[in-house]
Amino acid sequence: MTLDISPILSGKTSDLSFDFTVTPDASMATPPVGAFLTAPIEVHALFVSAGITVRLEALATVSYRAVCDRCTEEFKANFTVPYEKYVRDVSADSSSDEASDDVIFDSDGKVCIDAEIVEEAMLSFPARLLCREDCLGLCEYCGQNLNIRDCGCAEREKNRIDPRWEALASLYADDEGEN
């Protein structure tokens, strides 16, 4: 979406607020493997005059669905990403040859931040996709989802002695009897 910030540049106002949505296309960053966007990214952007520059402060809300990395259940979640940049005019800047992370507007005072917002949102996805922070996952012995019910396998396995070590277990039992 192209946003017109010319009222700030001309000094008519000190800030401008925009609410819009961004739907990523094939040329933009994508969610991590296993995650799918369930709605367009909702953006609230605020441009504020900061003397000779303009500061962009934005919040992007991402809604997605994924399969939990621990329990393999599908879930829906969302998160909010803060985004802050300075906006500059390339034609008025003599150092435009240098690489910069600033958002650039054209000579008419229009700026498009869709690609930057999408990239920031995709990079902010959690490293592990979890249905909840305290997800217990699956039992390593029987595969039961431990969020639903406890299968008891862990307790049984704790008391089970590996057949390769049974001889040592009998020695340990004799030592306890002496005390």
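What follows is a friendly conversation about a predicted model.

Biologist: Before we start, what should I know about the model and its numbering?

Modeller: Residues are numbered from 1 along each chain as its sequence is written. Because the model is predicted, local features need pLDDT of at least 70 and side-chain atom pairs count only at pLDDT 80 or more, while totals for chains, interfaces and linings use all residues, and side-chain values use heavy atoms, without hydrogens and water.

Biologist: Why is isoleucine 161 called partly exposed?

Modeller: Its relative accessible area is 41%. Buried means under 20%, exposed over 50%, and partly exposed in between (1.4 Å probe, protein chains only), so isoleucine 161 is partly exposed. Isoleucine 161 sits in the loop between helix H3 (153-159) and helix H4 (166-178); helices here are DSSP runs of H or I with at least four residues.

Biologist: What makes aspartate 114 a residue with no salt bridge?

Modeller: A salt bridge needs a side-chain nitrogen of Lys or Arg within 4 Å of a carboxyl oxygen of Asp or Glu. For aspartate 114, the nearest side chain of opposite charge is lysine 110, 15 Å away, so there is no salt bridge. Lys and Arg count as positive and Asp and Glu as negative; His and the chain ends are not counted. Aspartate 114 is buried and lies in helix H2 (residues 114-123).

Biologist: Which residues does aspartate 114 touch, not counting those up to four places away in sequence?

Modeller: Met1, Phe20, Val22 and Met28, where contact means heavy atoms within 4.5 Å.

Biologist: And how much of the protein counts as buried?

Modeller: Of its 179 residues, 28% do.

Key:
Helix = DSSP H or I, 4+ residues; strand = E, 2+ residues; numbered from the N terminus.
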